[in-house]
Amino acid sequence: ENAPEDVKSRLQFYDLTTGNLTFYGVDFTIVTCFETLEHISEEHIPTALTCIRETLAPQGHAVLTICTDKQPGWDTDPTHVTIRSREWWGDHLEESGLTTDPQKEDDLRRFWLFSQHDGVFVVRRT
């Protein structure tokens, strides 16, 4: 509803918590999800991660940044409803069929924006 008028007609809304994320049979080689998952309640995290996994092409990757309990100021945003450790997120990624790719994470951390971010994950389907 807040998008510029000339963009609104080209946007699609999907709710990661419903498990009903379809893109007309299209798989993506890259999926990004920046600073979103911590705003989803813990009970819906498995469904959201499954949606991300299911949109990935077999050789695709997802780049996720997730606010963790080590990020400064995480506790000042009341919309952060699932703030957990990097290890907690890693376990849930694996349970959802996503494998972390440490080499690609290291490559991504060369960019200033990601260099100090505890919750950077690059994942692929298992």
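Tutor: What follows takes each term in turn and sets it against its definition. Bear in mind that this is a predicted model.

Student: How do you know how far the prediction can be trusted?

Tutor: By pLDDT, the predictor's confidence in each residue on a scale from 0 to 100. The mean for the chain is 90, and 96% of the residues reach 70 or more. Helix α5 (residues 112-115) has the lowest mean among the elements, 82, while α3 has the highest, 97. Where pLDDT is low, the predicted coordinates should not be read in detail.

Student: What makes up the chain, in order?

Tutor: There are five helices and four strands. Starting at the N terminus, they run α-β-α-β-α-β-α-α-β.

Student: Why is the chain called as compact as a globular protein of its length?

Tutor: The globule rule gives 14 Å for 126 residues, and the radius of gyration is 15 Å, which is close to that, so the description applies. Along the principal axes, the C-alpha atoms fill a box of roughly 40 × 35 × 30 Å.

Student: What makes two strands count as paired?

Tutor: The requirement is at least two bridges between them. β1 and β2 run parallel and are joined by six bridges, so by the cut-off they are a pair. In that pair, phenylalanine 28 stands opposite leucine 56 of β2. β2 and β4 have four bridges in the antiparallel sense, and β3 and β4 have three, again antiparallel. Both of these also meet the cut-off of at least two bridges.

Student: Why are β1 and β3 said to stand at the edges?

Tutor: The sheet is open, with the order β1-β2-β4-β3 and mixed pairing. β1 and β3 (98-100) each have a single partner strand, so one side of each is left without a neighbour in the sheet. Neighbouring strands are turned by 25° against each other on average, direction ignored.

Student: How do you know that helices pack on this sheet?

Tutor: From contacts, which are heavy atoms within 4.5 Å. α2 lies across β1, β2, β3 and β4, and runs at about 135° to β2. α3 also packs on the sheet, touching β2, β3 and β4, and its direction makes about 10° with that of β4.

Student: What makes a residue buried, and where does that apply in α3?

Tutor: Its relative accessible area has to be under 20%. In α3, the residues that pass are Trp88, Trp89, Gly90, His92 and Leu93. What covers them includes α2, β2, β3 and β4. Over the whole chain, buried residues make up 38% of the 126.

Student: Why is β2 described as largely enclosed?

Tutor: Eight of its ten residues are buried, so β2 is largely enclosed by the rest of the structure.

Student: Why is lysine 8 called partly exposed rather than buried or exposed?

Tutor: Buried means under 20% and exposed means over 50%. Lysine 8 has 33% relative accessibility, so it counts as partly exposed. Lysine 8 sits in helix α1 (residues 5-8), and it touches Glu1 and Ala3, leaving aside residues up to four places away in sequence.

Student: What makes a group of residues a nonpolar core?

Tutor: They must be buried, belong to the set Ala, Val, Leu, Ile, Met, Phe, Trp, Tyr and Cys, and be joined through side-chain atoms within 4.5 Å. The largest such core here has 20 residues, and Leu37, Ile52 and Leu64 have the most contacts inside it. β1 (28-34), α2 (45-55), β2 (56-65), α3 (86-95) and β4 (120-125) each supply at least two of its residues. α2 gives the largest share, five residues.

Student: Which residues does isoleucine 52 touch?

Tutor: Leaving aside residues up to four places away in sequence, isoleucine 52 touches Val31, Cys33, Leu37, Ala62 and Leu64.

Student: How many residues are in the second, separate core?

Tutor: That core has five residues, including Val63, Leu108, Val120 and Val122.

How values were computed. Residues numbered from 1 in each chain as written. Predicted model: local features only at pLDDT ≥ 70, side-chain atom pairs only at ≥ 80, totals over all residues. Heavy atoms only, no water. Buried < 20%, exposed > 50% of the residue type's maximum accessible area, 1.4 Å probe, protein only. Axes fitted to C-alpha atoms, helices over the stretch in contact; angles between N-to-C directions. Rg over C-alpha atoms; globule rule 2.2 N^0.38 Å.
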